[in-house]
Amino acid sequence: MAPIDPHSFTDSSHPLTTHISLSLYLDFSSSTIHASALLSLPPTPPPPHSPAVISLDTRSLSISSVTDPLTNSPLPFSLSSPSDPIKGQSLTVSLSNNTSNKILIAFTTSPSSSALQWLSPPQTQSKSLPFVYTQCQSIHARSIFPCQDTPAARVCYSARLNVPRQLSAVMAARHVDRRPPTAGEAAAACDDALWCAEGRVVEEFVMEQPVPPYLFAFAVGEIGWREVGPRTRVYAEAVPAVLDAAAREFAGTEDMIRVGESLFGGYEWERFDLLVLPPSFPYGGMENPRMVFLTPTVIKGDASGAQVVAHELAHSWTGNLITNKTNDHFWLNEGFTTYAERRIVEAVQGEDIAALNIGIGWRGLVEEMDRFKDKMEFTKLKTNQEGVDPDDVYSQVPYEKGFQFLWRIERQIGRPAFDEFLKKYIATFKFQSIDTDMFLNFLKANVPGIENEIDLQVWTEGTGIPSDAMEPVSNIYSKIVSLSNEFKLGQMPREDEVADWQGQEWELYLENLPKSVEASQVTFSASSLLSVTLLLTVGLLGSFFPYVIPGQLSALDARYRLAESKDYEVKVAFLQLAITACCRDYHSEVEKTLKEVGRMKYLRPLYTALVQGIGKEEEKVFAKRVFSEARNSYHPIAQGVVESILSKHL
């Protein structure tokens with residue numbers, strides 16, 4: 001008898017739910033869902049001497065009743081108090097009088113549910129109808145319905161979404177029907193008068209393959225779609241310009257699916273649809289099975305945004321098919337997927353583009369080492385997150401250090417052998433949740449002697465970047481890094497040198513410029529700035545002053561218009577540099593960016609750059625004001641991340 005996950009109340013003695021049937025009445029006027037969840041438990045009795053109870057994870061849910069649906073008799077239940085700041089409340093249900101191996105729970109969500117963002121009509125593209133969407137990773141499904149909210153507990157589910165007739169619903173599940181409501185099917189979610197009210201429709205979905213709760217996902221709004229392949233549609237708000245741009249950006253999706261199948265085995269999820277969400281979506285993409293959720297910032301106009309799609313597609317094998325058992329082993333999801341993504345990109349777009357991706361990732365990994373210099377536990381692959389909110393320590397480490405580990409194994413045994421290993425690994429563990437030790441045992445059994453060639457313990461349990469990790473080697477990567485180094489010495493790249501650059505090349509270039517300068521180190525008077533310029537001219541400054549100065553950045557932007565880039569990767573990388581160099585002329589562009597997107601990849605570095613370091617009083621006041629004005633447009637997860645950044649430095 002012990003907890004199976006540091007982020008869940010689920011105990012090893014409790015039966016694990018096998019199926020959940022949900023009835024959800026979406027009330028846009030109150031930003032709540034009136035709901036019921038019918039949980040099916042395995043028919044086997046609990047282990048000897050264990051209490052006949054089940055503990056479920058909840059957060060901000062109002063529980064109305066818990067009953068045995070066979071007899072309609074109430075089952076005793078209790079909610080833990082006070083609420084745990086990370087895990088929420090445990091809903092403990094007595095099973096002693098349960099005769100059906102099923103539990104029916106009636107409940108209502110809170111307007112502050114951490115998994116739901118309710119958008120009013122003015123916050124949408126159409127400006128006429130509301131919109132709502134979910135984001136359940138890592139531990140937010142519990143704020144929509146009671147469940148064992150741990151990836152160790154995989155479940156199948158069905159769902160009825162009762163929504164206004166003028167809206168439509170999509171879900172990370174198979175769509176069954178859109179039809180009028182039927183009396184009696186609300187299953188305690190609400191009374192029939194409300195469920196069957198005029199102007200309502202029911203959208204039915206079913207997920208027949210067992211998935212971890214964090215992959216539960218739906219969106220409801222004025223949604224349209226475009227067909228882009230035999231098993232792919234692109235969905236978005238029903239705005240023709242958005243739908244058409246998305247369809248062009250992701251036109252090559254079927255080619256990527258076929259490459260993925262050739263590398264990792266058959267695609268097990270039937271469809272691979274894409275939903276482009278409003279700008280407030282907090283992630284680049286979310287790998288929900290059958291329907292990936294995407295930020296609109298990946299629509300760049302040159303098909304390069306498809307690389308985010310490649311990452312989410314790769315999750316179809318590594319993450320969705322094989323899942324980390326707890327967030328302590330998150331690298332098993334993201335390290336494998338980053339490796340798989342780059343193999344797909346290499347096959348579809350070429351080795352040079354894959355090398356650029358690896359290089360950008362390498363710079364990100366190096367920066368994360370600095371971010372966690374006082375919390376080196378989170379530079380490990382196998383972490384200990386007891387008492388830690390996974391949103392607070394979300395980083396590139398599991399992605400990029402995990403990638404580096406797998407790349408190291410590939411270099412050791414050769415790509416053909418590693419490809420065969422990957423296929424066997426996926427076939428062996430599909431539809432299972434595993435931990436790091438299970439992977440290492442499988443690796444050692446299938447690659448005999450690997451532990452004598454690579455220090456597996458250093459890679460999985462050691463802090464920092466292992467000495468046998470490797471920066472990528474390619475002509476285009478080396479050239480861009482070289483140009484970055486020249487810029488530090490005062491040399492701006494020539495137009496002929498960057499003529500063929502797209503967003504990734506500029507991103508890599510900017511990522512290789514230093515971002516750690518304090519405000520006091522770059523605030524120059526006119527006379528000192530003249531001295532700096534003279535030193536740059538003779539090439540001396542870089543030897544003892546490895547920082548970018550405001551004049552350099554302004555000149556670079558004047559020539560290449562980076563602050564106005566349509567590619568947010570480029571825009572944000574440049575604005576981050578401008579903030580750290582105290583180029584306050586760019587504050588208006590920073591404010592515009594922070595107010596028009598809610599992707600945490602952009603919010604985190606910009607807010608951090610504004611408030612981190614000494615001599616930043618003006619920037620701190622600016623950051624606090626912008627957040628107060630933009631807060632309501634951010635997803636609750638993003639709100640929490642920004643609040644944490646500001647509270648640390650203000």
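**Figure 1. Ile476 lies in helix H12, residues 475–488.** Helices (H or I, at least four residues) and strands (E, at least two) are DSSP runs, numbered from the N terminus. This is a predicted model, in which local features need pLDDT of at least 70 and side-chain atom pairs count only at pLDDT 80 or more, while totals for chains, interfaces and linings use all residues. Residues are numbered from 1 along each chain as its sequence is written, and side-chain values use heavy atoms, with hydrogens and water left out. Is Ile476 buried or partly exposed? Ile476 counts as partly exposed, at 24% relative accessibility. Buried means under 20% relative accessible area, exposed over 50%, and partly exposed in between (1.4 Å probe, protein chains only). Leaving aside neighbours within four places in sequence, Ile476 is in contact with Asp352, Leu356 and Glu505. Contact means heavy atoms within 4.5 Å. Phe405 is 71 residues from Ile476 in sequence and 23 Å from Ile476 in space, C-alpha to C-alpha.

**Figure 2. Helix H20 (residues 600–611) packs with helix H21 (residues 617–630).** Their axes are 7 Å apart, at an angle of about 145°. Axes are lines fitted to C-alpha atoms, for helices over the stretch in contact, and angles run from 0 to 180 degrees between N-to-C directions. Which residues make the contact? H20 brings Tyr607, Leu610 and Val611. H21 brings Glu619, Lys620, Phe622, Ala623, Val626 and Phe627. By class, the contact has seven nonpolar, no polar and two charged residues. Here Ala, Val, Leu, Ile, Met, Phe, Trp, Tyr, Cys and Pro count as nonpolar, Asp, Glu, Lys and Arg as charged, and the others, Gly among them, as polar.

**Figure 3. Helix H20 is mostly covered.** Of its 12 residues, 11 are buried. Among them are Met600, Tyr602, Leu603 and Arg604. The buried residues of H20 pack against helix H6 (351–371), helix H18 (568–580), helix H19 (587–596), H21 and helix H22 (636–649). From first C-alpha to last, H20 reaches 16 Å, close to the 16 Å expected at 1.5 Å a residue. The expected span is 1.5 Å times one less than the number of residues in the helix. Gly613 follows H20 and has a positive phi, near 105°.

**Figure 4. His7 sits in the segment before strand E1 (19–27).** His7 is buried, with a relative accessible area of 1%. Its side chain reaches the backbone oxygen of Gln385 at 3.4 Å. This is a polar contact: a pair of N or O atoms within 3.5 Å, where, within protein, one must be able to donate a hydrogen and the other to accept it, and residues adjacent in sequence count only if both atoms are side-chain atoms. Beyond neighbours within four places in sequence, the contacts of His7 include Ile86, Lys87, Asp149 and Pro390.

**Figure 5. Glu203 belongs to strand E14, residues 200–211.** Glu203 counts as buried, at 3% relative accessibility. What joins the side chains of Glu203 and His175? A polar contact of 2.7 Å joins them. Glu203 and His175 are 28 residues apart in sequence, and 7.7 Å apart in space, C-alpha to C-alpha. Beyond neighbours within four places in sequence, Glu203 is also in contact with residues including Ala159, Arg160, Leu161 and Arg178.

Figure 6. Most residues other than glycine have a negative phi, and most peptide bonds are trans. Pro82 lies in the loop between strand E6 (77–79) and strand E7 (89–94). Ser138 is in the loop between strand E10 (131–134) and strand E11 (155–164). Ser60 sits in the loop between strand E3 (53–58) and strand E4 (62–68). Its relative accessible area is 37%, so Ser60 is partly exposed. Asn101 is found in the loop between E7 and strand E8 (102–108). At 31% relative accessibility, Asn101 counts as partly exposed.
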